[in-house]
2 protein chains.
Amino acid sequence: MDAAPGSLNPAIDPAGLDKLAEVAVTVGLAVRPGQDVVLTGPVEALPLIRRIVTRAYDAGARLVTPLISDEALALIRYQHAPEESFDHEAAWLFEAMGKAYREGAARMAIYAEDPMLLSDQDPDKVSRANRARSVAARPAMEPIVDFLINWSICSYPSLSWAKRLFPDLDETEAVGKLANAIFAASRADGDEPVADWKAHTADLAGRRDWLNQLRFAALRYTAPGTELTIGLADGHEWQGGAATAQNGINCVCNIPTEEVFTTPHALQVDGHVRSTKPLSYQGSLVEDIEVRFEAGRIVEAKASRGEAVFNKVLDTDEGARRLGEVALVPHSSPISQSGLLFFNTLFDENASSHIALGQCYRKALVNGAKLSDDEVAQSGGNKSLIHIDWMIGSGEMDIDGLDKAGNATPVMRGGEWA
Amino acid sequence: MDAAPGSLNPAIDPAGLDKLAEVAVTVGLAVRPGQDVVLTGPVEALPLIRRIVTRAYDAGARLVTPLISDEALALIRYQHAPEESFDHEAAWLFEAMGKAYREGAARMAIYAEDPMLLSDQDPDKVSRANRARSVAARPAMEPIVDFLINWSICSYPSLSWAKRLFPDLDETEAVGKLANAIFAASRADGDEPVADWKAHTADLAGRRDWLNQLRFAALRYTAPGTELTIGLADGHEWQGGAATAQNGINCVCNIPTEEVFTTPHALQVDGHVRSTKPLSYQGSLVEDIEVRFEAGRIVEAKASRGEAVFNKVLDTDEGARRLGEVALVPHSSPISQSGLLFFNTLFDENASSHIALGQCYRKALVNGAKLSDDEVAQSGGNKSLIHIDWMIGSGEMDIDGLDKAGNATPVMRGGEWA
């Protein structure tokens, strides 16, 4: 009888969830009075969704429209839908979300997916469905990628995710442990989380400003299995922590965030690189990735697990083989120090320096919002249907900044800021 | 720990739910292989939603897109949103649903709302929000009202609804009792529900064809508190049971359904009428309605409860004071015989002859799909943002059909087919 949806799992500290909602709305989204909000999240996250909606209205949001997903329905599709289903998506819904954003709505997303949800499904179906989704989702993704409006993503400790992280614990313990890890990583575990976030974003802004002062032409990565030079886009702009959307709202897109990042030059990446953490991609796990770049393009890709999925991703389009983001995270970041692998990019990318295949972020170019698509491409910004982060940092990684003449400045040594 | 959303309340017979899903997909929606489906329903109905999605895919549906609502979020809005929220709706979402229907998607809706959800909220806010929703929802409602595509509505025994029906029972018992009442009313309780529905729709088709043969000019209602003559639209067409949408699919829009109905003439209704069951309208209850019509228009309206809400509804627009539907249901219908008041129009309208304020159904006019808006209006079809059924039938009601000369033919006597 107590299977009421939205009832809180007793393993989750309600005070922690309250603080996470406060961080999500106040720091993450920074919703403006009178602004609409589009909120996406899984049904299991209802206790957090309800808290976020409450706080958003208290902060003056005009209308919060929830789009609630269900993992069971996603699986039912794989098990029962006809073949043609997997080349199709509800484009009308993504177009509508895009319209809402262009009309000024903010976007709040809650990620709580089972990272292995689709691992037992036909990889061909998964790949086709992902591709169809990437194409259909473009109108909803563009205002996000172009940073037209304030947006933010946070997480919720769902049971299915917790079981993947802690398969040996009983369910209550697993959920409680994931909940506390999320609260800590999201800096929602202190007495004054909003003040803690102010200090943290100021710290990231300091790193960001130093890199923007130096404007390296390239970064050179050295680590076991990695010898890689990544040219940076002409007019690249380092970003980190809080940032200001085109609508003038200063928000924090990722809760948690530990990175400073910028736009690499899609044609100027050379060498080889090895991943240091598994990549969890839409229900599949890809481990021990090793790729070789020539003139910005991946010409060779291997993985000890999920190699077929990874190669299908690379075949999405021409831009899928090129970099769209480069990000620096110290090896001593709290998420790295937790020792946990979350199987969730939102967390794992903040445990390690990383790179992303695919679409670049316009906001990580000087005056990016005002550049035409051609100007973005000319400066080296990559274009693709995908944007997939994967982790390459470790305690053994050195990174140098190179100026145009090739002179090196230490940026990181042994995984830490130099 | 067992608060997993979507887990089935043990008071609900899973076999009954399976049969209800079978009826909804096979009889109600009659989804065509390759067709998309837009499915709306509350989070509490997930056990039925998942069964319906499974069966829809098994029947060949290409993609089912769920739009899942949450009553708690609706209440949070009333308790926390700023004033301006209540004059606003997510028009972008309704436009998108309309687009999906015009592109061929079927629409499946699950109603399981707490009928009194908003009864403690500010009636002014409720009325403004309803009006904003009616306006915004128009693009999504038009393809439904115009019967462009196959659509169907069924119900789920949610806890909040069950508690309103059976406030004196414990929760398990209340949900179980509502579940069994829904299964019985929806003719999903037999061994062969699809065959039962075939027999039932054949029976309704017989009544419908008799009325279409006679084509009365008007109906005259006589009962305690009621002396009413309702002119029927020129070229009205009686409908009942299964019907064929403009896309050629023969579906049953309401599960359950016991009515035959047609389009009245918006300018030719005279007399007074008293409601015989409460009207549950978007969270408010309106009881003992008494209205007087002159030349089709309600010129006086009273109610013992909810009079203010009812009068606000009448003020929605000019068409809200005129009739858009007239429906005949025998007093001996199974839903009437159950003795239950469901506080849900989908059920209660099938317990009693009823009339509806507001928008007419184009499909209840001969060749309705091909008529222009002007032609619909000229034939007497009403236009409004609203469509609200309310019950006027009883075991004491006599109905006569009148031809153009005023000659009477008995249609119902003592609430039964004559």
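Tutor: The contact draws 51 residues from chain B and 51 residues from chain A. This is a predicted model, and what follows describes that model. Together, chain B and chain A bury about 4,500 Å², with 69% of that area on carbon and sulfur atoms.

How are the two copies related? Chain B is superposed on chain A by a rotation of 180 degrees with 0.0 Å of shift along its axis, and the RMSD is 0.0 Å. The copies are thus related as by a two-fold rotation axis. The same surface serves both copies, since 100% of the contact residues of chain B recur in chain A.

B:Glu95 makes a salt bridge with A:Lys99, in which the closest N and O atoms are 2.5 Å apart. On the side of chain B that touches chain A, the elements giving two or more residues are α2 (46–58), β2 (64–69), α3 (71–80), α4 (91–102) and α7 (171–185) of chain B. Sorted by class, that side of chain B holds 28 nonpolar, 10 polar and 13 charged residues.

Now to the sheets of chain B. In one open sheet, 8 strands follow the order β15-β14-β11-β6-β5-β19-β20-β21, with antiparallel pairing. At its edges stand β15 (297–302) and β21 (416–417) of chain B, each with a single partner strand, so one side of each is left without a neighbour in the sheet. Within this sheet, strand β6 (residues 226–232) of chain B runs antiparallel to strand β11 (residues 264–274) of chain B, and 5 bridges join them. Opposite B:Glu227 stands B:His272 in β11(B).

Another open sheet of chain B has 5 strands in the order β7-β10-β16-β17-β18, again with antiparallel pairing. Here the edges are β7 (239–240) and β18 (387–391) of chain B; each has a single partner strand, so one side of each lacks a neighbour in the sheet. β7(B) is joined by 2 bridges to strand β10 (residues 260–262) of chain B, and the two run antiparallel. B:Gln239 stands opposite B:Phe261 in β10(B).

Chain A gives a view of individual strand pairs. Strand β5 (residues 218–223) of chain A pairs with strand β6 (residues 226–232) of chain A over 6 bridges, in the antiparallel sense. A:Leu219 has A:Ile230 as its bridge partner in β6(A). The hairpin of β5(A) and β6(A) has 2 residues between the strands, and A:Gly225 takes a positive phi near 85 degrees there. β5(A) is also joined by 5 bridges to strand β19 (residues 398–402) of chain A, and these two run antiparallel. The bridge partner of A:Arg220 in β19(A) is A:Asp400.

A:Asn247 is found between β8 (243–244) and β9 (250–251) of chain A. Its side chain is joined to that of A:Asn150 by a polar contact of 2.9 Å. Apart from neighbours within four places in sequence, A:Asn247 is in contact with A:Arg32, A:Gln35, A:Leu148, A:Ile149 and A:Asn150.

Note on methods. Residues are numbered from 1 along each chain as its sequence is written. Chains are lettered from A and ligands numbered from 1 in the order in which they are written. This is a predicted model: local features need pLDDT of at least 70, side-chain atom pairs count only at pLDDT 80 or more; totals for chains, interfaces and linings use all residues. Side-chain values use heavy atoms; hydrogens and water are left out. Copies are superposed by least squares on the C-alpha atoms of residues with pLDDT of at least 70 in both. Contact means heavy atoms within 4.5 Å. Buried area is the accessible area (1.4 Å probe) that two parts lose on being put together, summed over both. A salt bridge is a side-chain nitrogen of Lys or Arg within 4 Å of a carboxyl oxygen of Asp or Glu. Helices (H or I, at least four residues) and strands (E, at least two) are DSSP runs, numbered from the N terminus. Ala, Val, Leu, Ile, Met, Phe, Trp, Tyr, Cys and Pro count as nonpolar, Asp, Glu, Lys and Arg as charged, and the others, Gly among them, as polar. Two strands pair if DSSP finds at least two bridges between them. A polar contact is a pair of N or O atoms within 3.5 Å; within protein, one must be able to donate a hydrogen and the other to accept it, and residues adjacent in sequence count only if both atoms are side-chain atoms.
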